[in-house]
Amino acid sequence: MAGRTGLVLDARMLAHDPGRGHPERPERLRALVDHLEGAPGLERIGARVATEDEIARVHSPALVEAVAASSRYTRFAFDPDTMTSPGSYEAARLAVGGALDLCDAVLAGAIRNGFACVRPPGHHAEQGRAMGFCLFNNVAIAAAHLRARGMERVLIVDWDLHHGNGTQHTFESDPSVLYVSTHQYPYYPGTGAADEVGKGAGAGRTLNVPFPAGFGDQEFARAFDELILPAARAFAPDFVLISAGFDCDHRDPLGALQVTTSGFARMAHALRTVADETAQGRLVALLEGGYDLHAIVEGVDTTLAALRGSDHVPPPQTGDARRATGVIDAVRAAQESYWPGMF
Ligand SMILES: [Zn+2]
């Protein structure tokens, strides 16, 4: 079985319904189920409901109780963007549990890597606060779980359009988790400046690459080649997690970045290569945002192809590498004392 790629795809997460007209709608997962159900060559991993103890590795008991209590209401609003329905608590626990089971299948050697098609997304959820469409922070809980299972260094790369404030804050003082984010900036949620580099023992273990609107494949490629991959290789993770949001796709209705399928292929291939080099291939990608249904389906397909071993990386389609110089110089200036001679 070693070498196979796992897939978490569970229609029970359709039950989270944030309301009519909300971009984080059940149709996002429906499109993936319709496209991937029965797809050959993937090891299906069933989602399970995460336990409160697992969720409490990252979140306060008060937040877990508040999300649980929200299931008593037809509609409950944690903030103007973050609404629940009676099925949301169960869906949120399935999203976490699916991510954890996929990680455990990788640790057990049953699969080499995998993709979890989960919703609601997670990376905005803070220790004590649901926000930004997110109830529980799936990727942060997965990283905490992996640490508890003996992984010493976990790399999280978050290529979602938005900065993963919740993930950054969870690990900003923890040197065992390197959090890397590319994101549109300034934009929601407002965090993710180049000079946010971690705190205390975690200083130098947060790497933010804030991109202005309009950046695309070429700028992402430079950021990966000149900043992210050198740092990832120096960190030498023993597990790689991807917060795989597809709202940085050029078709997305919420974002203004211009990544194409070529860009996603390049990023996924690069991270699979890092996992192969330092982590015996151990890698799990989790769905975050992405609000154009074609972009999500193509993005997940492209990522799965890279995880399954494809070395096909088409040339960049959008962007201008020269425009990235200012951002790369700012990130380098903020980071270089933590990665001597690396950049
Ligand atoms: Zn997003």
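Predicted model: local features only at pLDDT ≥ 70, side-chain atom pairs only at ≥ 80, totals over all residues.
I looked up the strand order first. The model has an open sheet of 8 strands, in the order E2-E1-E5-E10-E9-E6-E7-E8. The pairing is parallel. I then looked for the edges: strand E2 (42-44) and strand E8 (206-211) each pair on one side only. From one strand to the next, the twist averages 15°.

I picked strand E6 (residues 154-158) and strand E9 (residues 239-244), which pair in the parallel sense over 5 bridges. Within this pair I noted Val157, which stands opposite Ile242 in E9.

I searched the whole structure and found 9 aromatic pairs. One of them joins Tyr73 and Phe76, with 5.8 Å centre to centre and 35° between the planes, a tilted pair. I checked the accessibility of both residues. Tyr73 has 40% relative accessibility, so I list Tyr73 as partly exposed.

A second tilted pair is Trp159 with Phe264, at 6.0 Å centre to centre and 50° between the planes. I traced where its members sit: Trp159 is in the loop between E6 and helix H6 (165-171), and Phe264 is in helix H8 (residues 261-278). The two are 105 residues apart, and the pair links distant parts of the chain. Are these residues buried or exposed? Trp159 is buried, because its relative accessible area is 0%. Phe264 counts as buried because its relative accessibility is 1%.

Definitions and conventions
Residues numbered from 1 in each chain as written. Heavy atoms only, no water. Pairing = 2+ DSSP bridges. Helix = DSSP H or I, 4+ residues; strand = E, 2+ residues; numbered from the N terminus. Axes fitted to C-alpha atoms, helices over the stretch in contact; angles between N-to-C directions. Phe/Tyr/Trp six-rings, centres within 6.5 Å; stacked < 30°, edge-to-face > 60°. Buried < 20%, exposed > 50% of the residue type's maximum accessible area, 1.4 Å probe, protein only.
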